[in-house]
Amino acid sequence: MSPVSADFLPPIVLAFAASDPTGGAGIQADIMTLASMGCHPLSVITAITVQDTAGVEDVLPIDADWIADQARAVLEDVPVAAFKLGMLASVEAIAAIAEIIADYPDIPLIFDPVLASGRGDQFANEDMIDAMLELLLPQTTLLTPNSLEARRLALDEEGDVDSPDLAECARLIISAGCEYVLITGTHENSEQVVNTLYGERGVVRSDKWQRLSGSYHGSGCTLASAIAANLAHGLDLAEAVRDAQDYTWQTLAAGFRPGMGQYLPDRFFWAREIAQDSDR
Ligand code: PXL
């Protein structure tokens, strides 16, 4: 007997991101998070990286036409409830993706602006940042920078970066065209991690989380994908952000260290809890 009817469809999320062979970040993180949260992931690869759990050695950007072809093929076939953007490795890729998502203005877009890894590997140059601001921000429902990325994306009227204050960064980022920005506080020198969601009228919600002692790879990808999953399930934006932080914190608390470098989030922590319970 099948518990699901023949026409059942899980909510479907299309993620554009780069391959991370460690399974910590990138498209692998998106796929695991979306699947763990009951969504079906569509995945468009934007770049291939060479890395281990300690750092990135190389990045091969995928040709922009190939990115566009991957996306168009699935979009013409399958209904999508949310878009999620991760690492975009060239100006041409950013332009191609911006053109595609412009054809789907009603689909929410969660954009994690991956400018560098948590370990300091740089992924975006100034031209790419300009292209993100000009072509993608105006189409973004929610941008999810960490505080370092927020400071690089917050350009004042002269186009200069000069604000250390995160509320001011949020104001400048929203004036570049996105609806909401969630600035994560892992890199700030605070006892707890404070993540703040801003909208056009200022702070929407601010959540504090116990700071975990390990160094983690893939937390930002996990958080942005979890928000996309929640929006695809129909949650409103503030609730999607709150629940996704809770999920992400649990993946980190259950994190494991498979190699010599960073810890990886366990996106399936709940399945292991169930398996343990049934072994008892
Ligand atoms: O965590 C950001 C990130 C996203 N995507 C890929 C990465 C990283 C960080 O290293 O490698 C592919």
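Author: C221, T222, L223, A224, S225, A226, I227, A228, A229, N230, L231 and A232 are the buried residues of helix 7. The model is a predicted one. Helix 7 is mostly covered, with 12 of its 14 residues buried. Helix 7 runs over residues 219-232, and at 1.5 Å a residue its 14 residues should span 20 Å. Just after helix 7 comes G234, which takes a positive phi of about 100°.

One packing partner of helix 7 is helix 1. Two packed helices are described by the angle between their axes and the distance between the axes. Helix 1 covers residues 26-36, and it packs with helix 7 at an angle of about 40°. The axes of helix 1 and helix 7 are 9 Å apart. Angles under 35 degrees would count as roughly parallel; helix 1 and helix 7 are therefore oblique to each other. The crossing in which helix 1 passes helix 7 is right-handed. On the helix 1 side of the contact are G26, A29, D30, T33 and L34. These residues meet C221, T222, S225, A226 and A229 in helix 7. C221, T222, S225, A226 and A229 are also among the buried residues of helix 7.

Leaving aside residues up to four places away in sequence, T251 touches T222, along with P265, D266, R267 and F269. T251 is found in helix 8. T251 has a relative accessible area of 0%, so it is buried.

A pair of aromatic rings is described by the distance of the centres and the angle of the planes. A search of the whole structure finds five aromatic pairs. In one of them, Y247 and F269 form a tilted pair, 5.8 Å centre to centre and with 45° between the planes. This pair links distant parts of the chain, 22 residues apart: Y247 is in helix 8 (residues 237-253) and F269 is in helix 9 (residues 269-279). Y247 and F269 are both buried. F268 and W270 form an aromatic pair too, and that pair is tilted, with 5.9 Å centre to centre and 50° between the planes. Buried means under 20% relative accessible area. F268 has a relative accessible area of 25%, so it is partly exposed. W270 stands at 32% relative accessibility and therefore counts as partly exposed. Elsewhere, F16, F83 and Y104 form one aromatic cluster.

The axes of helix 3 (residues 91-101) and helix 4 (residues 126-136) come within 9 Å and cross at roughly 10°. That angle makes helix 3 roughly parallel to helix 4. In helix 3, V91, I94, A95, A98 and I101 make the contact, and they meet D127, M128, A131, M132, L135 and L136 in helix 4.

Definitions and conventions. Residues are numbered from 1 along each chain as its sequence is written. This is a predicted model: local features need pLDDT of at least 70, side-chain atom pairs count only at pLDDT 80 or more; totals for chains, interfaces and linings use all residues. Side-chain values use heavy atoms; hydrogens and water are left out. Rings of Phe, Tyr and Trp (its six-membered ring) pair if their centres lie within 6.5 Å; planes under 30 degrees apart count as stacked, over 60 as edge-to-face and the rest as tilted. Helices (H or I, at least four residues) and strands (E, at least two) are DSSP runs, numbered from the N terminus. Buried means under 20% relative accessible area, exposed over 50%, partly exposed in between (1.4 Å probe, protein chains only). The expected span of a helix is 1.5 Å times one less than its number of residues. Axes are lines fitted to C-alpha atoms, for helices over the stretch in contact, and angles run from 0 to 180 degrees between N-to-C directions. Angles under 35 degrees count as roughly parallel, over 145 as roughly antiparallel, 65 to 115 as roughly perpendicular and the rest as oblique. A crossing is left-handed if the near helix is turned anticlockwise from the far one by less than a right angle, and right-handed if clockwise. Contact means heavy atoms within 4.5 Å.
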